[in-house]
Amino acid sequence: MTTHQGDWTMALDEEARMTGENAGTRQPVLAVRQVTKRFGAVEALIGVDLDVHAGEVVALVGDNGAGKSTLAKIVSGVLQPDSGQVRIAGEPVTIGSPAAAHALGVSTVFQDLALCENLSVAANIFLGRELRVSASGPMDLARMELESTKILRDLTVGVPSVLAPVRDLSAGQRQAVAIARTLTTRPRILVLDEPTAALSVVQTAEVLMLVERLRAMGLGVILISHNLADLRSVADRIEVLRHGRNAGSFDAATAAPEEIIAAIAGATRVAMPSWARR
Amino acid sequence: MAGSQTALREANRATVLDTIRRYGGLTQVELAAATSLSAATVSSIVRELQGAGAVDVRTTVRNGRRALLVTVLHRTGLVVGVRIGTRHMAMTLADSAQEVLVEQTLPLPHEHRADTSLDRAALLIVELLERVGSSPEELLGIGIGVPAPVDVATGTISVPGILRGWDDVPVGEVMSRRLGVPVFVDNDANLGALAESRLGAARHFQDSVYVRVSHGTGAGVVLGHQLHRGFAGTAGEIGHVQVDASGAVCLCGSRGCLNTVVGVPALIDVLRASRGPLSLRDIVTLASEGDPGCRQVVEDAGATIGGVVAALAISVNPQCVVVGGELAETGETLLAPLREAIRRRVPLNHIAPLEVVGAELGARAEVMGAVLLALEGTTLLTHRVDHPDRDRVPG
């Protein structure tokens, strides 16, 4: 059993490695180009670009109404752009619905998680995609339990039992279950909307370690959050949106928080600490 | 048949104990679910373990219902070992017998600030205590490792500029004020050296050097079983030995320090053109998988570090060099060229050939060192190795 654990992640790893080989000229797994979305007088997004590579965590930050959620909804098929293009692995695509997004390998975990409180962890993970004994046969409960256990173990997630009802789990464990659920469809892109909101520090630590694990599995992750410390901890790149427009792109391994905050706030001059002036 | 019954029971007992350790504390109902054993079996095993003094059971409330919380029974007195790194904070809660009760890692942002990180550390400690069903009153001390030289008397970083945003922060005092227990602060490589010399690869040697190869490189020196910190805590700071006279200026203000050549930002820079932006974790993974570019960068770093460690080895004549830190997870990729560089430069003696080995405690070395520091500081740990002639190297 242990030797086969992680079969399903190996495909992802393989893919990531292959993309990694020509990393110098590597192609983004998701590319958003000049996307515009208007709601009446509201310019939710104006000519927005976004690239996400395999094995890369891209953080989206911005004030309320900056367009983060609109962009996430376009990528996950909930909203359609007025103009612009979305490409997946280089191919222009139309993501007409959340189901279409799934089919294209884009999964999203929204803030409300949409878990069923009364159902077990395993039932939630396979909700709507239940494994069956045969095409029209009954649900294969044993296999769903086994697969759920495997997924959670590969994520090194601390959920004591896949049989426990979700209402017995902590907020951090619920987040983990919601993420695990998206992985059953083997996505290439995962969108996480405010995954650490209202979590304790230990739970935040668990979710952030989980994001690192997803990155190591070769997924492209889009992370939306208000907490700059959390984002900067796990992101490779930070994309700032302001009034529906790209307002700056920062390498998380080198950018000072002051620069990012200035971009969010729209400051034209950045008051830099003395040591940060290079 | 009776024999296999006993064996099965043995195995179930081990499963239950392992599961409790993994989660810190679980109710009997959760234990049954987590181990796939029946409620009756779990209940009888827990009773047995309780009788044997291995676990502790107390009433708690889950979802508004009364439940029995099972935790590993620990000796009186808990300590926390913390390693504050460049991009991660690792924490271990242990008892006075150095039994690890629960562990947690938290990713940290680039150039994290002392106020935010220490705030999170304090909250993490309180939450971990809760998780094992203990109260803050049971906490007796905290050990903290930081990636910079430390004045252990004040718990403050002693060389400015090396850890940005942490200069002049009395780390020990800040944490001690929040949690009301003594806090001991030391350099991370020193703590790795302490742990490896007490519990790990160097435990049979009286004089050893621990080299920590991570975002930066540092060393801890153990002489006669005791950590040698130097007056200002800068002993073993090999990351600031000059290796390139015309190199870049380092955070410390000197030119061409070892860290400017083999520090992670330098490694990432030389790989960027061909491999794209990588993290330290990516470099370790790719090098371990055999990626030629990453391997070469790690090998070259090993050779450069080996040259500097050779000079340190000539100065202090250790019996053993232990190599730890994230980059050491690549195994012989780092270790072989590092060992070779030392062998080429350190004169062989007939008494004790210098061993160069990987850290036995692995990624845990520094947090375990912090645990030991806290235990020794609070005099909970009376065991000290004080037989200078006990462990002559065999052969």
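Five strands of chain B form an open sheet in the order β13-β12-β11-β14-β15, with mixed pairing; two strands pair if DSSP finds at least two bridges between them. Helices (H or I, at least four residues) and strands (E, at least two) are DSSP runs, numbered from the N terminus. The model is a predicted one, in which local features need pLDDT of at least 70 and side-chain atom pairs count only at pLDDT 80 or more, while totals for chains, interfaces and linings use all residues. Residues are numbered from 1 along each chain as its sequence is written, and chains are lettered from A and ligands numbered from 1 in the order in which they are written.

**The sheet of chain B**

- β13 (226-228) and β15 of chain B stand at the edges with a single partner strand each, so one side of each has no neighbour in the sheet.
- From one strand to the next, the twist averages 25°.
- Helix α6 (residues 188-198) of chain B packs on the sheet and touches β11, β12 (217-223), β13 and β14 of chain B. The direction of α6 makes about 45° with that of β12(B).
- Axes are lines fitted to C-alpha atoms, for helices over the stretch in contact, and angles run from 0 to 180 degrees between N-to-C directions.
- Two residues are in contact if their C-beta atoms, placed from the backbone, lie within 7 Å.

**Strand β14 of chain B**

- Strand β14 (residues 320-324) of chain B is mostly covered, as five of its five residues are buried. A residue is buried if 20 or more other C-beta atoms lie within 10 Å of its own, exposed if 12 or fewer, and partly exposed in between, with C-beta atoms placed from the backbone.
- One side of β14(B) carries the buried residues B:Cys320, B:Val322 and B:Gly324, and the other carries B:Val321 and B:Val323, also buried.
- Strand β11 (residues 208-213) of chain B runs parallel to β14(B) and is joined to it by five bridges. B:Val323 in β14(B) has B:Val211 opposite.
- Strand β15 (residues 355-358) of chain B pairs with β14(B) in the parallel sense over four bridges. Here B:Cys320 stands opposite B:Glu355 in β15(B).

**Chain B as a whole**

- Chain B contains twelve helices and 15 strands.
- Its radius of gyration, taken over C-alpha atoms, is 23 Å, close to the 21 Å that the globule rule gives for 395 residues, so chain B is as compact as a globular protein of that length. The globule rule is 2.2 Å times the number of residues to the power 0.38.
- The C-alpha trace of chain B spans about 70 × 50 × 50 Å along its principal axes.
- Of the 395 residues in chain B, 51% are buried.

**The contact between the chains**

- Chain A contributes 27 residues to the contact, and chain B contributes 27 residues.
- On the side of chain A that touches chain B, α7(A) gives the most, with six residues.
- α7(A) and helix α4 (residues 114-131) of chain B pack at an angle of about 100°, with axes 8 Å apart. The two helices are therefore roughly perpendicular, a term for angles of 65 to 115 degrees; angles under 35 count as roughly parallel, over 145 as roughly antiparallel, and the rest as oblique.
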